[in-house]
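Please have the sequence and the model open while reading.

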Number of protein chains: 2
Amino acid sequence: MIQEELIGDLKLKWKRIQQAMQKIEADGCLLTVDVNLYYTTGRIYSGYFYIPAEGTPWFFVKRPNGLSGNNVVYIRKPEQITETFAKQGLKMPGKLLLEADELTYNDFVRLQSVFNPKETGNATTLMRTLRMIKTPREISQFRISAQNHVATYAEIPECFHPGMTDLELQYEIEKRMRKNGSIGLFRAFGANMDIFMGSILAGENAEVPSPFDFALGGAGMDASCPLGANGTVLKEGTAIMVDMAGNYTPYMTDMTRVFSVGKLTDLAYRAHQVALTIQNKIESNAKPGTACADLYNAAMEIVEKEGLSPYFMGTKQQAKFIGHGIGIQINELPVLTPRSKEELAPNMVFALEPKFVIPGVGAVGIENSFLVTDTGIEKLTRCNEEIIELS
Amino acid sequence: MIQEELIGDLKLKWKRIQQAMQKIEADGCLLTVDVNLYYTTGRIYSGYFYIPAEGTPWFFVKRPNGLSGNNVVYIRKPEQITETFAKQGLKMPGKLLLEADELTYNDFVRLQSVFNPKETGNATTLMRTLRMIKTPREISQFRISAQNHVATYAEIPECFHPGMTDLELQYEIEKRMRKNGSIGLFRAFGANMDIFMGSILAGENAEVPSPFDFALGGAGMDASCPLGANGTVLKEGTAIMVDMAGNYTPYMTDMTRVFSVGKLTDLAYRAHQVALTIQNKIESNAKPGTACADLYNAAMEIVEKEGLSPYFMGTKQQAKFIGHGIGIQINELPVLTPRSKEELAPNMVFALEPKFVIPGVGAVGIENSFLVTDTGIEKLTRCNEEIIELS
């Protein structure tokens with residue numbers, strides 16, 4: 001049954017890819033990057049997935065040994081792909097799509113010379129656009145991730161003991177994540193986006209600007225991994241923002257909750273409530289057809305009216321977005337920025353994360369994962385959204 | 001003091017890069033991939049490091065805000081790099097090196113068009129070759145990793161309880177790794193080499209072939225992360241191979257030890273001793289000038305004499321190497337394969353990992369990290385190498 005459901009899901013994705021290819025008059029699409037292989041074949045292997053604009057796809061496998069099935073061909077090098085084309089009488093693509101924003105330069109050039117197409121298009125753009133609209137099976141995977149994400153966060157108060165550091169708290173949470181089924185890997189799109197299982201920001205560390213395209217920063221525990229917890233002692237009056245991965249299936253939910261040691265300043269509590277107001281307003285108004293840029297603008301309007309602009313999405317460096325698509329990677333399309341061109345559409349899944357950094361206290365605010373339905377948006381990660389005091 | 005030591009280390013690396021550039025008549029080298037930025041600047045940022053064949057390097061930074069120092073220039077896009085060149089009167093490189101095996105196709109092409117050099121060479125090849133020979137500071141980082149790696153493995157027997165699965169054991173070890181300072185990230189070179197903190201192989205799962213370039217496989221807990229532990233119950237007669245990352249500094253040691261639940265078969269114990277014999281023979285004979293291919297051949301000679309070829313480095317799929325360089329990435333140069341062209345040289349650091357997979361039992365064998373000295377090789381990861389029975 002699961003196998004049949006998986007195959008049905010793959011066939012639906014293949015059909016969507018072929019429809020999109022036909023629109024841009026592409027003849028073939030060759031995928032080899034892990035997330036695209038997983039998306040189109042349900043597994044990660046060393047090799048290639050080739051889909052023509054019409055007809056059945058082919059699986060060219062270097063490793064592992066022992067895979068079998070229709071159109072599975074073992075190869076040692078990409079040159080053997082086109083040898084198979086010749087043997088099987090397959091049409092060589094005039095316009096070929098390759099993953100131009102993911103393949104290395106040398107790999108891309110080698111594949112281009114193997115196929116020698118008249119024209120080469122960008123499979124990364126095509127796949128990221130298609131992956132934005134989730135299939136029923138993908139949505140059910142998000143629901144499982146959400147459930148385990150919420151269950152893990154419910155255990156966070158037990159992880160705390162007075163005098164501990166943010167890192168010690170994180171290690172306890174990580175272990176509970178794994179026991180609740182976290183796969184561990186936290187996949188992101190783009191260069192140098194290395195992050196380990198998520199981020200905890202406490203106190204002044206929340207102000208440290210990030211080298212990455214994430215909402216907030218933090219110094220991290222080492223210069224080779226400059227993000228999140230840095231050994232800050234969780235003392236009285238500190239806000240602790242927990243933004244750990246929801247990778248309980250390959251489809252990650254994204255969720256942030258805030259905890260406090262003792263009481264925070266009035267400004268921190270007020271900013272947190274404003275974040276909830278932003279979220280709730282967007283939750284009430286967003287629906288298919290809503291421009292993603294409008295969501296950002298709606299948030300900024302509230303922030304400015306409340307006079308909280310200096311704290312919104314950072315202080316020393318402020319991120320210019322309030323949310324992003326999620327999926328196999330944590331930063332899929334759409335992006336909720338003032339310049340976004342996308343509109344919400346049914347079966348998009350995105351994280352909404354209005355956050356404030358309060359100097360001397362830490363970060364407050366909220367993040368939840370939402371599914372775009374036919375009539376509005378549905379919150380997937382449902383649990384207490386107030387600041388929870390630890391003791 | 002640490003700061004001075006770091007700067008001295010960076011200057012040594014810059015000098016080596018410039019010497020290597022002069023040999024191949026390259027005029028400039030632009031680096032932007034995380035591991036190369038860390039190697040040359042001691043941090044990871046969003047931006048570029050530019051080093052001319054002679055003179056001082058430049059740091060072009062997009063994020064984070066707030067970096068300062070000589071030759072630090074903030075930019076929003078790579079086109080501003082060459083604007084800075086014009087403003088500062090810097091010579092445009094005739095031959096430019098770019099990271100052709102790491103940059104995406106589109107990023108590479110964009111940088112190439114920004115600089116428009118007469119010739120473009122491969123910075124990946126240059127950097128991987130240079131990074132093979134470690135600096136004194138790098139070697140001291142390996143020693144710290146080794147110490148914490150050994151300390152963590154010493155805690156493994158406490159992690160075990162009868163009836164647990166390989167994954168449950170792994171979660172306990174992961175937590176101890178973190179408490180002992182593991183940074184978490186397990187960086188690898190090459191496409192799709194995603195791995196989470198290491199691998200534990202128990203029982204029949206040790207036979208499952210890998211899609212990756214790692215020594216052994218294992219089904220993993222999910223098709224999106226197909227490597228290592230898969231939920232195998234650790235029952236009587238099972239060998240448990242623990243090969244968890246030594247990422248206690250950015251310079252990772254690599255070490256494998258084998259544990260057993262109750263007693264294993266005679267074949268398993270014999271194969272383990274043969275692995276130790278291979279290691280010890282190589283440890284006695286290897287020195288600067290030894291061909292890496294000869295190390296592989298020396299191992300194979302013993303394996304064949306003992307009649308253990310069907311079990312060496314896997315059963316259903318056998319890896320054709322017995323070791324690999326280590327560093328910021330787990331698979332640096334040299335590689336110990338029958339086709340390796342490299343010879344050992346002082347200050348290389350590599351992992352040696354003769355392993356056998358015994359059907360129905362699991363994997364046995366050994367892995368340690370070695371430093372090439374002026375006269376031989378020195379084992380960095382020193383602790384009990386026998387199979388340890390858990391109870």
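## Salt bridges and contacts

Over all chains, the count of salt bridges by the rule used comes to 47. The model is predicted, and the values below are computed from it. Side chains of opposite charge can pair when their charged atoms come close. Two such pairs are listed here.

| Salt bridge | Distance, N to O |
|---|---|
| Asp9(A) and Lys13(A) | 2.8 Å |
| Glu172(B) and Lys175(A) | 3.0 Å |

The pair Asp9(A) and Lys13(A) lies in helix α1 of chain A, which covers residues 2-23. Because these two residues are four apart in that helix, about one helical turn separates them. The pair Glu172(B) and Lys175(A) joins a side chain of chain B to a side chain of chain A.

## Where chain B meets chain A

Across the interface of chain B and chain A, eight salt bridges are found. The two chains also have 24 residue pairs in polar contact, counting pairs with both residues at pLDDT 80 or more. Three elements of chain B give two or more residues to the side that touches chain A: α2 (34-41), α4 (105-115) and α8 (166-179). Of these, α8(B) gives the most, with seven residues. By class, this side of chain B has 25 nonpolar, 16 polar and 15 charged residues.

In terms of contacts, 56 residues of chain B touch 56 residues of chain A. The size of an interface is often given as the accessible area lost when the parts come together. For chain B and chain A the buried area is about 4600 Å², and carbon and sulfur atoms give 56% of it. Tyr105(B), Arg178(B) and Phe196(B) supply 15% of the area that chain B buries against chain A, more than any other three residues.

## A helix pair within chain B

Two packed helices are described by the angle between their axes and the distance between the axes. In chain B, helix α9 (residues 266-285) and helix α10 (residues 292-305) have axes that come within 10 Å and cross at roughly 145°. The crossing of α9(B) and α10(B) is right-handed.

Which residues make the contact between α9(B) and α10(B)? From α9(B) they are Val274(B), Ile278(B), Lys281(B) and Ile282(B). From α10(B) they are Leu295(B), Ala299(B), Ile302(B) and Val303(B). By class, the contact has seven nonpolar residues, no polar residues and one charged residue.

Conventions. Residues numbered from 1 in each chain as written. Chains lettered and ligands numbered in written order. Predicted model: local features only at pLDDT ≥ 70, side-chain atom pairs only at ≥ 80, totals over all residues. Heavy atoms only, no water. Axes fitted to C-alpha atoms, helices over the stretch in contact; angles between N-to-C directions. Left-handed = near helix turned anticlockwise from the far one by under 90°. Contact = heavy atoms within 4.5 Å. Nonpolar A, V, L, I, M, F, W, Y, C, P; charged D, E, K, R; others polar. Buried area = accessible area lost by both parts, 1.4 Å probe. Salt bridge = Lys/Arg side-chain N within 4 Å of Asp/Glu carboxyl O. Polar contact = N/O pair within 3.5 Å; in protein donor to acceptor, adjacent residues only side chain to side chain.
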